[in-house]
Amino acid sequence: MKIIGAIIGTILFLFIGYVTFFPGGKALINSYDNMMKKVDDKTTYETRKKVEDTARASIASYKTDKATYEMYKDSSDKEKQSWAEQAKMRANKTANIFNEYVRKNSYVFEGNIPSDINYQLELLN
């Protein structure tokens with residue numbers, strides 16, 4: 001019985017030393033932590049709601065700026081054309097930020113993105 005206890009103790013000691021002092025062991029622990037965080041994020045209502053709310057707010061901002069751009073882009077008034085250009089720049093900035101945000105948080109939806117959230121916003125030309 002002492003031999004089995006000594007073997008188990010040695011294995012445990014070596015494992016703790018491995019995950020504490022060696023890069024491979026630390027990578028193993030970090031990989032496990034990352035996997036658990038993703039599982040938590042996928043299954044936590046608060047995380048999903050936060051991602052959805054942020055996405056919806058970005059879409060609303062994008063649509064507002066896009067509508068402003070569409071309304072004033074062909075105006076003969078130089079000031080209104082300036083408004084259109086500013087709205088276009090804001091819409092494109094929002095689209096870029098949104099697209100990156102959805103890409104980074106796509107694991108939360110796991111292929112089941114809500115129908116009112118676009119997977120990608122297009123840039124205005």
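A salt bridge is a side-chain nitrogen of Lys or Arg within 4 Å of a carboxyl oxygen of Asp or Glu. By this rule, the structure has 8 salt bridges. The structure is a predicted model, in which local features need pLDDT of at least 70 and side-chain atom pairs count only at pLDDT 80 or more, while totals for chains, interfaces and linings use all residues. Residues are numbered from 1 along each chain as its sequence is written, and side-chain values use heavy atoms, with hydrogens and water left out.

**View 1. Packing of helix α3 against helix α4.** Two packed helices are described by the angle between their axes and the distance between the axes. Helix α3 spans residues 45–72 and helix α4 spans residues 78–104; helices (H or I, at least four residues) are DSSP runs, numbered from the N terminus. The two pack at an angle of about 155 degrees, and their axes are 8 Å apart. Axes are lines fitted to C-alpha atoms, for helices over the stretch in contact, and angles run from 0 to 180 degrees between N-to-C directions. Helices α3 and α4 are therefore roughly antiparallel, a term for angles over 145 degrees. The crossing of α3 past α4 is left-handed, meaning that the near helix is turned anticlockwise from the far one by less than a right angle. The contact of α3 with α4 has 13 nonpolar, 6 polar and 7 charged residues. In this classification, Ala, Val, Leu, Ile, Met, Phe, Trp, Tyr, Cys and Pro count as nonpolar, Asp, Glu, Lys and Arg as charged, and the others, Gly among them, as polar.

**View 2. Aromatic pairs.** A search of the whole structure finds 2 aromatic pairs. Rings of Phe, Tyr and Trp (its six-membered ring) pair if their centres lie within 6.5 Å; planes under 30 degrees apart count as stacked and over 60 as edge-to-face. The ring centres of Y18 and F22 are 6.1 Å apart with the planes at 25 degrees, so this pair is stacked. Y18 is partly exposed at 38% relative accessibility, and F22 is partly exposed at 49%; buried means under 20% relative accessible area, exposed over 50%, and partly exposed in between (1.4 Å probe, protein chains only). The rings of Y72 and W83 have centres 5.2 Å apart and planes at 80 degrees, so this pair is edge-to-face. Because Y72 lies in helix α3 and W83 in helix α4, the pair ties together parts that are 11 residues apart in sequence. W83 has a relative accessible area of 35% and is partly exposed.

View 3. Side chains of opposite charge can pair when their charged atoms come close. E100 forms a salt bridge with R103, in which the closest N and O atoms are 2.5 Å apart. Both residues lie in helix α4, 3 residues apart, about one turn of the helix. E100 also forms a salt bridge with K104, with the closest N and O atoms 3.9 Å apart. E100 and K104 are 4 residues apart in helix α4 and so are separated by about one helical turn. E100 is partly exposed at 31% relative accessibility, whereas K104 is exposed at 52%.

**View 4. Further salt bridges.** The side chains of E70 and K73 meet in a salt bridge, at 3.4 Å from N to O. E70 is partly exposed, with a relative accessible area of 39%, and K73 is partly exposed at 33%. Elsewhere, a network of salt bridges links R48, E52, R56 and D116.

Terms used:
Angles under 35 degrees count as roughly parallel, over 145 as roughly antiparallel, 65 to 115 as roughly perpendicular and the rest as oblique.
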